[in-house]
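Biologist: I would like to learn how to read salt bridges in a model. Could we go through some cases together, one at a time?

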Amino acid sequence: MIRSMTAFASGERATPWGTLGCELRSVNHRFLELGVRLADELRVLEPALRERIAARVGRGKLDLTLRLRAPEGGDALQLNPSRLRELSDLAIDLSARFPALRTEFTELLQFPGVLQAQATDPAALQAEALALLDDVLDEFVASREREGGKLAAAIGERVDGIERIAGEVRAMMPAIRAGQRAKLETRLADLAQPADNGRLEQELVLWLQKLDVEEELDRLNAHVAEARRVLKLREAVGRRLDFLLQEFNREANTLGSKSVDARSSAAAVELKVLIDQAREQIQNIE
């Protein structure tokens with residue numbers, strides 16, 4: 001499945017310690033580059049997060065954000081009833097011995113253990129974060145594949161165009177060769193000194209061989225078949241397609257350099273246009 005390198009996915013997950021939020025976005029890049037922004041409680045997860053993403057994404061510049069939003073009132077301090085009972089029992093025991101002892105409420109709150117925040121279970125929170133990442137990764141990969149399908153269709157249209165033009169050039173070559181032969185014979189006939197027929201035929205054959213583009217057209221057709229095969233692979237194919245486009249461009253340049261007819265020159269230019277359009281799409285493929 002062809003995948004685009006441009007995608008975005010996000011999700012949230014409610015936990016007893018707040019709401020986890022995850023965002024994953026990517027743009028084009030030659031390799032896999034991952035930037036990570038994590039909540040303090042989740043920094044220990046960074047190696048595991050990187051490993052999970054690398055297992056499912058081959059190329060692209062990715063940015064991962066994983067945050068924890070505390071629940072409403074979740075940051076409020078709570079009284080510890082058991083600690084208050086311990087202090088009350090102690091005060092009752094000591095009141096007979098120290099009748100003048102007085103404790104202010106604010107001083108009582110400052111006693112260690114009287115006020116406490118809700119405890120966090122690190123292992124459980126990390127498990128929730130990894131589960132959320134898996135969900136977001138599923139959406140992220142699916143988004144890449146949807147966009148990749150559109151890119152594959154666009155590239156396929158250009159490949160079809162390349163095949164069509166190669167066929168047109170192949171069909172017009174006999175007429176081009178015949179025209180060039182007739183043109184050369186007319187010029188030679190105008191010479192004051194007649195040329196040797198055997199030598200003339202030999203030079204004509206050599207000259208026409210230099211104009212022959214059958215090998216280039218055969219290679220273009222082979223590249224077309226390979227491009228169609230690669231577009232069906234279920235793996236990252238961006239680099240392979242990029243290399244294949246270089247081969248397409250090499251054959252198009254050779255066709256242009258051998259051209260002696262306006263029709264074949266126009267075909268070579270149209271080939272280059274299609275190849276450049278395909279390259280623009282391939283730059284977005286993983």
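Modeller: Let us begin with one residue of this predicted model: Glu46 has a relative accessible area of 29%, and is therefore partly exposed, since that class lies between under 20% for buried and over 50% for exposed.

Biologist: Which residue does the side chain of Glu46 meet in a salt bridge?

Modeller: The general idea is that side chains of opposite charge can pair when their charged atoms come close. Here the side chain of Glu46 meets that of Arg50, with 3.0 Å from N to O. Both residues belong to helix α1 (residues 46–54), where, being four residues apart, they are separated by about one helical turn. Arg50 counts as partly exposed, at 32% relative accessibility.

Biologist: Which parts of the chain does the pair of Arg13 and Glu128 link?

Modeller: Arg13 and Glu128 form a salt bridge at 2.6 Å, N to O, and this pair links distant parts of the chain, as Arg13 is in strand β1 (residues 7–15) and Glu128 is in helix α4 (residues 122–189), 115 residues apart. Arg13 is partly exposed at 28% relative accessibility, and Glu128 is partly exposed at 23%.

Biologist: Where do Arg228 and Asp160 lie?

Modeller: Their side chains meet in a salt bridge of 2.7 Å, N to O. Arg228 lies in helix α6 (residues 214–230) and Asp160 in helix α4, so the pair ties together parts that are 68 residues apart in sequence.

Biologist: How many salt bridges does the count come to?

Modeller: The count comes to 26 salt bridges. Salt bridges can also form a network, as the one linking Glu215, Glu216, Arg219, Glu251 and Lys258 shows.

Key
Residues are numbered from 1 along each chain as its sequence is written. This is a predicted model: local features need pLDDT of at least 70, side-chain atom pairs count only at pLDDT 80 or more; totals for chains, interfaces and linings use all residues. Side-chain values use heavy atoms; hydrogens and water are left out. A salt bridge is a side-chain nitrogen of Lys or Arg within 4 Å of a carboxyl oxygen of Asp or Glu. Helices (H or I, at least four residues) and strands (E, at least two) are DSSP runs, numbered from the N terminus. Buried means under 20% relative accessible area, exposed over 50%, partly exposed in between (1.4 Å probe, protein chains only).
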